[in-house]
Amino acid sequence: MTTDDRPADEAPDEPTPADAAAEHQPDGLDLARAAARAAAATPGGKPRKATSTFRRRTFTKSSGARPDDRDPQLLDQAMGRLIANHGWELDLKVQGVFGRWAELVGDEVADHCTPETFDDGRLVVRTDSTAWATQLKLLAPTVVRRLNEELGHGTVTVIEVLGPHLPSWRKGRLSSRDGRGPRDTYG
């Protein structure tokens with residue numbers, strides 16, 4: 001049916017792909033772009049027949065009314081998830097205790113005792129004198145209880161108290177193996 005054969009009350013048709021092709025003859029670059037658009041618009045990447053209009057399909061899911069992973073996250077929640085995924089909870093708690101040592105054991109004890117390591121429930125604490133080493137050994141059950149309140153029950157099982165770093169009395173290549181040194185207590 002041609003435009004002259006149509007009844008007068010019928011509206012003219014929209015331009016067909018053949019009409020669009022008659023207006024414009026695509027060169028190689030236009031054909032490549034059209035094929036790329038067609039391949040991107042179809043699932044599986046297979047090109048479909050070229051038409052005059054290309055619609056790009058987008059498969060987007062909106063998050064809706066409830067929170068979703070694609071929504072912006074608070075830094076606190078994101079860091080909490082990162083720590084939990086890597087299993088760093090206990091390490092961070094222990095390092096927090098090392099940072100708050102004076103608050104947990106008191107200023108006077110903290111002035112003379114410092115935590116050195118924590119491994120498998122064993123906390124190693126170094127004192128600056130033998131007198132403070134003895135004092136901390138007496139306070140150990142109280143300190144263990146306080147640390148377990150902060151870290152969780154059973155985290156710290158034992159506190160190993162080490163005395164001060166003492167100088168070595170080994171001088172030269174000749175020394176007595178079981179010598180008692182200068183017989184001083186350093187404290």
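## Helices across the sheet

Helix 4 lies across strand 1 and strand 2, and runs at about 170° to strand 1. Helix 7 lies across strand 1, strand 2 and strand 3, at about 155° to strand 3. Here, contact means heavy atoms within 4.5 Å. Axes are lines fitted to C-alpha atoms, for helices over the stretch in contact, and angles run from 0 to 180 degrees between N-to-C directions. Helices (H or I, at least four residues) and strands (E, at least two) are DSSP runs, numbered from the N terminus.

This is a predicted model, in which local features need pLDDT of at least 70 and side-chain atom pairs count only at pLDDT 80 or more, while totals for chains, interfaces and linings use all residues. Residues are numbered from 1 along each chain as its sequence is written, and side-chain values use heavy atoms, with hydrogens and water left out.

Three strands form an open sheet in the order 1-2-3, with mixed pairing. Strand 1 (113-119) and strand 3 stand at the edges with a single partner strand each, so one side of each has no neighbour in the sheet. On average, neighbouring strands of this sheet are turned by 25° against each other, direction ignored.

Two strands pair if DSSP finds at least two bridges between them. Strand 2 and strand 3 pair in the parallel sense over five bridges. Val-124 has Glu-160 in strand 3 as its bridge partner.

The structure holds seven salt bridges; the term denotes a side-chain nitrogen of Lys or Arg within 4 Å of a carboxyl oxygen of Asp or Glu. One of them joins Glu-150 to Arg-100, with the closest N and O atoms 2.5 Å apart. Because Glu-150 lies in helix 7 (residues 130-151) and Arg-100 in the loop between helix 4 (89-99) and helix 5 (101-105), the pair ties together parts that are 50 residues apart in sequence.

Glu-160 also forms a salt bridge, with Arg-122, the closest N and O atoms being 2.8 Å apart. This pair links strand 3 (residues 158-162) with strand 2 (residues 122-127), across 38 residues. Glu-160 is partly exposed at 28% relative accessibility, and Arg-122 is partly exposed at 41%. Buried means under 20% relative accessible area, exposed over 50%, and partly exposed in between (1.4 Å probe, protein chains only).

The side chains of Glu-149 and Arg-146 meet in a salt bridge of 3.6 Å, N to O. These two residues are three apart in helix 7, so about one helical turn separates them. Salt bridges with shared partners join Arg-100, Glu-103, Arg-145, Arg-146, Glu-149 and Glu-150 into one network.
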